[in-house]
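Have the structure open as you read.

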Amino acid sequence: MSLRARFVLALVGLVAVATALIGAFSYRTTRAELLGQLDSSLQATTADLRRPGGVDRVLGPRSPASIRGDSDVIVQVVGADGTVYSMDGAAPLPVGASAEDLLDEPEGTFRWQDDSVDGTAVRVLTTSLGGGRGVLQVGRSLSETRQVLAALRTRILVASLVVVAAAAAVGVVLARQLTRRLVRLTAAAEEVRRSGRLDVDVDTDGTDDAARLGVAFREMLGTLARSREDQQRLVQDAGHELRTPLTSLRTNFYTLRRSLGPAGVGAGAAGGDTARILDDLDQETEELSRLVDEVVEAATDRRGDEPEQPVDLGDLVERVAERARRRSGREVVVHRLGPATVSGRPLALERAVTNLVENALKFDSGVQPIEVTCEGGRVEVADRGPGIAAADRPHVFDRFYRSTDARSRPGSGLGLSIVAEVVAGHGGRTFAAERAGGGAVVGFVLPVGPEPAGRTGATA
């Protein structure tokens, strides 16, 4: 969950809890106030009826006597014999155990109870009249009080929802204001991770912690850029210093071979040994030159300066295969199974395919052809060499990694790592698998772009 979302949720949660507490407090306070007023009215009516002559309005010469009183108040007297005397037209209150218990109590003893009359909730105050005269019951409906409380609950709920929604809206605005620089800084960091570039724009406006973090991040990128430049300059200088003696050495080999001539290197066993030594030295010098080139290329990463453009992988693979045939004298077969256009850097992709083919030629010394298959954004090179052990497959694209079986063969361990870097820079992935019947299948998959207009593709 993002920092912005957590900030909004925290603010909304705090507001919701505060609103709920305030609403609950308001509801309970209002309920207590309304019930207190109702109880006060019942107590006032009871006090009025207990004055001299008050009960006689209920217990008159008629049995039961009735008078017209407050329509909201129900009054009745329960005699000592259990007879109920109530006002005219009023529904009788339930006597209940509380009234029976108070018949023998001293005058003025009272109890509260909540009951119902004809399905209507009522609040009843029962008071003993003393002297064997029974009890006085005064009741009042709770309907109005409950209606007011129900309306209050609805208003509190609506108000709470409105406040929470407003808090969410304000939280979103505040979160955007507080985290916008962090979001831009995160985007800059992701751009550095994705592209490897260290010259991305970093927001350093303001004086808060986010601005300080931006300044520190920009200075860190500057330090890394200077370190990379120093490293690349060192590798370039070392490569230049190594190429000069290597070039001189290869030139001397070529001159020595010509000076000896066919007869000089082919006369007897000594001549044959000399020829083999010269061939070995020539191959090792060429391998050392290739190692220097690959180290410089891997360290300087100049492929990133090449602009992207639509690239037909099929045509690119054909060029690489033709060049490999000329250099090695081996057969390299290309299978084009459909159109394969990607958006990428042509020279970098050509270097990646070249490394795959050279890797296959290096490990496959047999007479069967190297097969290169191109379909969509997928390029795979299959050989009949010793294959790649399952334990080595996750590491074959690591820099300078060489399996135990490959350490006796020429190579620097950089070829496939360059392939991995090129493919990752194009948003693709590499793979290495065992080939059915023996050998290995190594390649990559790139996102496929739109096919150029008028292009119909090629077949194997």
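## Strands side by side

Let's start with S7 (residues 332-336) and S9 (residues 370-375), two parallel strands joined by 5 bridges. Bear in mind that this is a predicted model.

Look for Thr373 opposite Glu380 of S10. The hairpin made by S9 and S10 leaves 2 residues between the strands, and Gly376 in that hairpin has a positive phi near 60 degrees.

## The whole sheet

What is the strand order of the open sheet? Reading across its 5 strands, you get S7-S9-S10-S12-S11, and the pairing is mixed. S7 and S11 (429-434) are the edge strands, each with pairing on one side only. From one strand to the next, the twist averages 15 degrees.

H7 touches S9, S10 and S12 (440-445), and its direction makes about 175 degrees with that of S12. H6 (residues 313-328) lies across S7, S9 and S10, and runs at about 170 degrees to S7.

H7 (residues 346-363) has the length you'd hope for: with 18 residues at 1.5 Å each, the helix should span 26 Å, and because its end C-alpha atoms are 26 Å apart, the two agree. Most of H7 is covered, with 14 of its 18 residues buried.

Packed helix pairs are described by the angle and the distance between their axes. For H7 and H8, the axes come within 9 Å and cross at roughly 145 degrees, and the crossing is left-handed. On the H7 side, the residues that meet H8 are Ala348, Leu349, Arg351, Ala352, Asn355, Leu356 and Asn359. Their partners in H8 are Gly415, Leu416, Ile418, Val419 and Val422.

In a helix with 3.6 residues a turn, residues three or four places apart point the same way. That spacing is handy to keep in mind when you trace a contact face by eye.

Now jump to the start of the chain. H1 has 47 residues, so at 1.5 Å a residue it should span 69 Å; the end C-alpha atoms are 69 Å apart, in agreement. Its buried residues are Val8, Val12, Val15, Thr19, Gly23, Tyr27, Leu38, Asp39, Leu42, Thr46 and Leu49. What covers them? The cover includes the strands S1 (73-78), S3 (110-117), S4 (120-128) and S5 (135-141), along with the helix H3 (143-195).

## A closer look at Thr46

Thr46 belongs to H1 (residues 3-49). Is Thr46 buried or exposed? Its relative accessibility is 4%, and because buried means under 20%, Thr46 counts as buried.

Setting aside residues up to four places away in sequence, Thr46 touches Leu125, Thr127, Leu136 and Val138. There is also a polar atom in the side chain of Thr46 that lies 2.9 Å from the backbone oxygen of Leu42. Leu42 is itself among the buried residues of H1.

Key: Residues are numbered from 1 along each chain as its sequence is written. This is a predicted model: local features need pLDDT of at least 70, side-chain atom pairs count only at pLDDT 80 or more; totals for chains, interfaces and linings use all residues. Side-chain values use heavy atoms; hydrogens and water are left out. Helices (H or I, at least four residues) and strands (E, at least two) are DSSP runs, numbered from the N terminus. Buried means under 20% relative accessible area, exposed over 50%, partly exposed in between (1.4 Å probe, protein chains only). A polar contact is a pair of N or O atoms within 3.5 Å; within protein, one must be able to donate a hydrogen and the other to accept it, and residues adjacent in sequence count only if both atoms are side-chain atoms. Contact means heavy atoms within 4.5 Å. The expected span of a helix is 1.5 Å times one less than its number of residues. Two strands pair if DSSP finds at least two bridges between them. Axes are lines fitted to C-alpha atoms, for helices over the stretch in contact, and angles run from 0 to 180 degrees between N-to-C directions. A crossing is left-handed if the near helix is turned anticlockwise from the far one by less than a right angle, and right-handed if clockwise.
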